[in-house]
Amino acid sequence: MVTRVVLKDTQREQRIFGARSLVALGFVTLLLGVLLVRYYSLQINEYEAYSTASERNRVQLQPLPPKRGLIYDRNGVLLADNRPSYTLSLIVERVDDLDATLASLAELVTIDQSDLEKFRGRVRQRRPYDPVPLRFRLDDIEQARIAVNRHRLPGVTVQAQLQRYYPHGELFAHALGYVGRINVEEMGQIDQADYRGTFHIGKIGIERRYEDELHGTVGYQTVETNAHGRVLRVLERFDPVPGEDLILHLDYDLQRVAHEQLAGRRGAVVAIDPLTGGVLALVSTPSFDSNLFVNGISSRDYNALRDSPDVPLFNRTVQGQYPPGSTVKPMIAMAGLEAGLIDPLYTVPDPGWYRLPGDRRRYRDWILRIRGTGHAPEVDLKMALAESCDVYFYDLARRLTVDGIHDYLDHYGLGRRTGIDTTAERPGVLPSKAWKRAALSQAWYPGETLSVGIGQGYMLATPLQLAVATSVLATQGEHREPRLVQWLGNEALEAPMVEPLMADGANWDAVVEGMREVVHGRRGTAKAISKGMDYEMAGKTGTAQVIGIAQDAVYDEDEIDARHRNHGLFIAFAPLDAPTIAVAVIVENGGGSSAAYPIARAVIDAWLEREAS
Amino acid sequence: MSEYVRQMPDNVGPLTRPPGLARKMHVDAPLLVLLLALTAYGLLVLYSASGQSMDAVVRQGRYFVLAYVVMFAMAQFSPVRWSRWSPWGYLLGVALLAAVAVAGVGAKGAQRWLDLGGFRFQPSEVMKLAVPMTIAWYLGARVLPPVSKHIVACLLMIAIPCGLIVRQPDLGTSLLIGASGLFGIFMAGISWRFIFGTGLVAVFSAWPAWMFMLEDYQKQRILTLLNPESDKLGAGWNIIQSKTAIGSGGWTGKGWTQGTQSQLDFLPESHTDFIIAVLAEEFGLQGVLLLLGLYVLILLRAFWIGLNAQSSYGRILCGSITLTFFVYIFVNMGMVAGLLPVVGVPLPLVSAGGTSVVTLMAGFGLLMAVSTEKRVVGQ
């Protein structure tokens, strides 16, 4: 057997190894070249792009929402405040496991099903890396629980925001309006850049009307954040400009008095300073807590408000259109005096009813039902106003004609919006032949003119319009648009003048004398409130029929459903020689003006007392 | 003429210089200097990458001390002894891997550790050295270039541990260990025909491998690599952020500890696998070139040691360790720069972590053992 002994050839093996080492070095060089090219291209060729990307990673532009302007009454009582509110939000991109995180959050704070549904809706519409709100208005304990557990909840943030708070919610709900969360529709109308970081917007009332001024201007800061979104430092900051504070003409005490006087009833009180046009009180009852609306009212609360037969959401002062009733008589009288159709000595025979020439229908005076006869055989202007004689004004209205009444009463601002600085104002109706043709496509009937003469029929006015008209009477022709806001920041806002009503001073005096008799006269319809009054007041009562009473039907209040009772109205100004307040009051289904005039007395008392002190 | 050539000239002095202190200590001085420089550079980057934590640097420093001790210790034994021990180390390693498969512990769905009474131990680390050593032992005792049956035997020796490690599952380590074994075969002089033939087979078997062998998360890594933008916030996030870090470093870098990507946590794994991105961001391309320069010098010195080794065992082992070291560099830097899929490969001697540093330095200990082996004069 030959055993093949293989000898190792060391030199050959070294040669092989040398060759292989060269090949390997070649590969190494090649691959190192690949790495170099890659790093060179990233760091040199694409430097700009990656540098920008890195900067964008690091630096974030954050909106700084402005502080909404505060609202004060004329004496500095705070009516609309901003309070911190804590919102639990998630940055979905940074949450590892959304369901698990939601589950752990649910153990820390109460999260109900509707929160979750709304959250999931918002998640679908979010911008990447934007915090999506899950729960609003965390209380202190919830906030602390989140803070303690935050380290194990990546992507969870608690945002503090200032949020509107109305310290006197119900008392000023109608006067101020309220803010609410910005909805989709509003999102389309606002400048979105200006509202970044802001979640609320004025919905109605002053909050809406002065939205631009109250909102302010958004600021920005560029911040350095880490990958978890935590802000590490502020690089640059442009402060937001806070919204302007508003100081209103409204007087907290007056508002409270009016509100208390109306308590439990449906009605409205508007008080105006006739010299400035400033609205001193604007009360509509029943009211509601405007704070409910700030973060989205629950549907249960909203349905309760909406479906209430007392319509608490309805701002009666500017939206409520009522037949003004006899409260228009001073203005009709002025029209007659100015037209030369009557003078203070002119009298009308009053049998308790009036009949148009060639018409058999009797237009009754309200006194007929009580006394069975008229106010007096002959009624002059003073008595006509003091006792609210319908027959006198039937006659005058017939002679003025409806268009004459329309043209004259137009100067008091009836039949059109006063232009007050709030929202939802309604114009009322000051009828004319042209109006009826346009609105109803019907001809005017002469009998309808008589109804207009006593503020009934088609005529409708808002409490605010009546207050403005009263202040025109008080100033003997001066007419200003009513204004709620007195100061916008440091800027005084003047109520714009409307074309004044030029009239003979003697005529004004005659009408005012009649209105004085309403309160102070022996047979004045509001003489009940003159007791203990240490100033002189001019007023006019009014009763507005809610349902038409059939000819000669017996009118019995007790048998009429409470909701079909007459509305009680009263307009007044005081003090007589130099009026500082003009008031209009309406009490729905109050039965008559006696429901209304004590309220006016209380409001005027409060005002004059305040002025005196 | 040839007679004269075989004669030594008289004036060249002694064949070997008298051994210096380093030599006596079995330390390859140039390699040691380069490794120390790399260590220092790495710790500097680590300080910044760990969010300026001195603790992290101290911890890593301790690992390095241990690693240098291991290196020094391993350099004391001659390659002859290492060769003799190689198969036993290999068998022990395979046994440990088998033990892991049966009784291992792990995390995140992988079972990689053995729990030895509170001390966690990763047997696959042993195989990183045991495989190339065994290949070198096996082929070093045979006539080179190796013939087919020897190659098949080597492939089998590589396949057993690799198979066990893939099952853990740890594809990255398995591939690296497989590569280290194959580098040994390559350096031993396997024929090119064999290499190309296998290469063709590999290419054609890639499709079934993709279909049947790769786990979903592995496929995902590859797909993400091909198009990182497809999954911006998921798997692609890491690559986008690391590329951003590297790219935004530019030529000069943002300055030490000034890298926004890493300091603000945008960069994942910034102190371990992705540390090169921190370096690139803060020191720019300059810093990358410095690092590559150090690596290249280490590689060149390692090749030099291999070329001057006195036995096939030493040569094959050096070649294998050197090339594996380079593979670590290439895979890690390529991965972070978005050239390769994200596999868990640390940047050698720079990434934080104890095990990889100790294993790598043990490898350099073997290189030093080879480098300082007593010269046999006259072959």
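Q: What lines the second largest cavity in this predicted model?
A: Its lining consists of A:Glu13, A:Ile16, A:Phe17, B:Leu144, B:Met187, B:Ala188, B:Ser312, B:Arg315 and B:Ile316. Helix H1 (10–45) of chain A and helices H8 and H14 of chain B each supply at least two residues of this lining.

Q: What makes A:Phe17 a lining residue of the second largest cavity?
A: A lining residue has an atom within 4 Å of a cavity point. A:Phe17 is listed in the lining of the second largest cavity, so by the rule A:Phe17 has such an atom.

Q: What volume does the second largest cavity have?
A: The volume is about 50 Å³. The largest cavity has about 190 Å³, and the count of cavities of 30 Å³ or more is 3.

Q: How many residues does each chain give to the contact between chain A and chain B?
A: Chain A gives 42 residues and chain B gives 60. The two chains bury about 4,300 Å² between them, 71% of it on carbon and sulfur atoms. A:Phe17, A:Arg20 and A:Tyr39 supply 19% of the area that chain A buries against chain B, more than any other three residues.

Q: How many salt bridges are counted between chain A and chain B?
A: The count is 0. Polar contacts across the interface join 12 residue pairs.

Key: Residues are numbered from 1 along each chain as its sequence is written. Chains are lettered from A and ligands numbered from 1 in the order in which they are written. This is a predicted model: local features need pLDDT of at least 70, side-chain atom pairs count only at pLDDT 80 or more; totals for chains, interfaces and linings use all residues. Side-chain values use heavy atoms; hydrogens and water are left out. On a 1 Å grid over the protein atoms alone, a cavity is a set of points where a 1.4 Å probe fits but cannot get out, and a pocket is an open set with protein on both sides within 12 Å along at least five of seven lines; lining residues have an atom within 4 Å of a point. Grid points are joined across faces, edges and corners, and a volume is the space filled by probe spheres set on the points. Helices (H or I, at least four residues) and strands (E, at least two) are DSSP runs, numbered from the N terminus. Contact means heavy atoms within 4.5 Å. Buried area is the accessible area (1.4 Å probe) that two parts lose on being put together, summed over both. A salt bridge is a side-chain nitrogen of Lys or Arg within 4 Å of a carboxyl oxygen of Asp or Glu. A polar contact is a pair of N or O atoms within 3.5 Å; within protein, one must be able to donate a hydrogen and the other to accept it, and residues adjacent in sequence count only if both atoms are side-chain atoms.
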